[in-house]
Amino acid sequence: MALNQILQYIFSGITVGSIYAFVAIGYNIIYNSTGIINFAQGEFVMLGGMIAYTFSNFMPLLPAIIAAILITAAIGGLIENVFIRRMRKTSVLGMIVITIGLSILIREFALSIWDEQIRALRFFTGNEISSVNILGARISPQVLWVLGVTLVLTAGLYFFLKFTLTGQAMRACSENPTAAKLCGIRTDRMVSLSFMVSAGIGALGGCVVSPLTQTHYAMGSDLAIKGFTVAILGGLGNPMSAVAAGILLGLIEAFSISILPMAYKDVISIIILLIVLVARPSGLFGSRSASALKDY
Amino acid sequence: MLKIKNLEAGYDKLKVLKGISLHVNSGEIVTILGANGAGKSTLLNTIASLVKPTEGEVRFKGRNVQTARPDYMVTNGCALVPEGRQLFPAMTVRENLILGAYTLYGRRDKKIANEYLSEIYSMFPVLDARKSQLAGTLSGGEQQMVAIGRALMSGPDLLLMDEPSMGLAPIIVKTIFKAVLTLRARGKTILIVEQNARAVLEIADRGYVMETGMLVIEGDAGELLNNNDVKRAYLGRDYKEFTD
């Protein structure tokens, strides 16, 4: 394989991996605050892309994307308020089933609002044929946008969770909700916030990749499985390692295409999921000493 | 400071507290003694509003608080050091303490929070030395200090302590109880639930004895130390000594 070809694979792998990471970060944030795996997470990505597309028809790209993020975040908060909070008495497994139901509901709503056509947001800079030459590989400028946004998001999230009081309070709620209440933290608000943040991050991801991968009302369920694989691979409950795991899975998928038939691409992620679940349930980057201190 | 009347509370159909009445005056150290399962922790959790009472009245600083949220209690000066410490194990000592002042930061009282933090470090210097360590990696005694420090970070007037001596070596228990006396000297009121009756009665002003959800004995600490029922049940004297 020539260098430029390898680079081509690497960039496409990182791009796809970034979107997985966006989904997996959302999983982790909600899992941390509630113990629930929110299988409607992929739907937030779809909503982000769809809403931004609709708004971009009558306003510039940036405000359209911001509006999409805010609206999707509001939908996330609404879902938490209407469905999750009122059904707290159910088991965690019951809640997970509810999120699957929600994902179907959102998908059907999206179908009736936007029909089944594939849409794509405008390229942020340039258009579909413009490209940047990096060491012989021809990369769409949108790929650089995806990388940049992923990088900024990761850094921002790290800063938020580590250094802001709200971020620390969110972590506190995930580690020990009772103790968090004793500190005067409104745990119910933190759960709402985690749904809103997750939905917003999903929507942002949906916007940046839409020009490359297109947006379709049914794209969410696919992403939900890939994102779940990534969340497990990185170590459930750790949003930071989800980014690394996402990019890793993206790269593996991209290179698998070069040796295996295209159809095996999705099989690979499922195989990885199974291997990790059996061999190392704490994930690749889940530090064992830290995870031993948490009770799952 | 705290006045409780006919308090009843429990979990689902299980009634744990069956008509508790007690009071804690400003500046006092009051203890509640009792065996496992008597309902001592439930009582403290009910005062801290983690458990909602089904009947009765809790008045804190003259206000009815039986329907308040936990954050109201913290904001208004009542903090609980819970049983089993309940730290955030994968967060650092400093982060644990800072979160104790969450309600202060909410009101933008950052300066006061920093003052409390340095007070706690000077009271428990070992925490200052270990402030960047994960709380879950500390020894039991140090964890108890973090738990107390975290509760103090909200600047409470009334400190509720649930079995602070549990599982600790006698020398550490001494340090903890010495800290309780220091806190009282600084104007805190303390309600402390304990199984280690002898140690706690040495520092307390008054005490109650709780049995199966009811307070059965009440008195000054000295009285309780010499009360035969208390001696027999909680101070570990030989039963024969009294019956002979």
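## Core and domain contact in a predicted model

In this predicted model, the largest nonpolar core runs to 154 residues, and the ones with the most contacts inside it are Ala24(A) and Leu160(B).

Now zoom in on Leu160(B). Leaving aside residues up to four places away in sequence, Leu160(B) touches Leu44(B), Ile47(B) and Ala48(B), then Cys78(B), Ala79(B), Leu80(B) and Val81(B), plus Leu191(B).

On to the domains of chain B.

| Domain of chain B | Residues in the contact |
|---|---|
| domain 1 | nine residues |
| domain 2 | six residues |

Which helices supply the domain 1 side of chain B, the one that touches domain 2 of chain B? Both α1 (40-47) and α2 (70-75) of chain B supply at least two residues each to that side. Of these, α2(B) gives the most, with four residues. Sorted by class, the side of domain 1 of chain B that touches domain 2 of chain B has five nonpolar, three polar and one charged residues.

How values were computed:
Residues numbered from 1 in each chain as written. Chains lettered and ligands numbered in written order. Predicted model: local features only at pLDDT ≥ 70, side-chain atom pairs only at ≥ 80, totals over all residues. Core = buried A, V, L, I, M, F, W, Y, C linked by C-beta atoms within 7 Å. Buried ≥ 20, exposed ≤ 12 C-beta atoms within 10 Å, placed from the backbone. Contact = placed C-beta atoms within 7 Å. Nonpolar A, V, L, I, M, F, W, Y, C, P; charged D, E, K, R; others polar.
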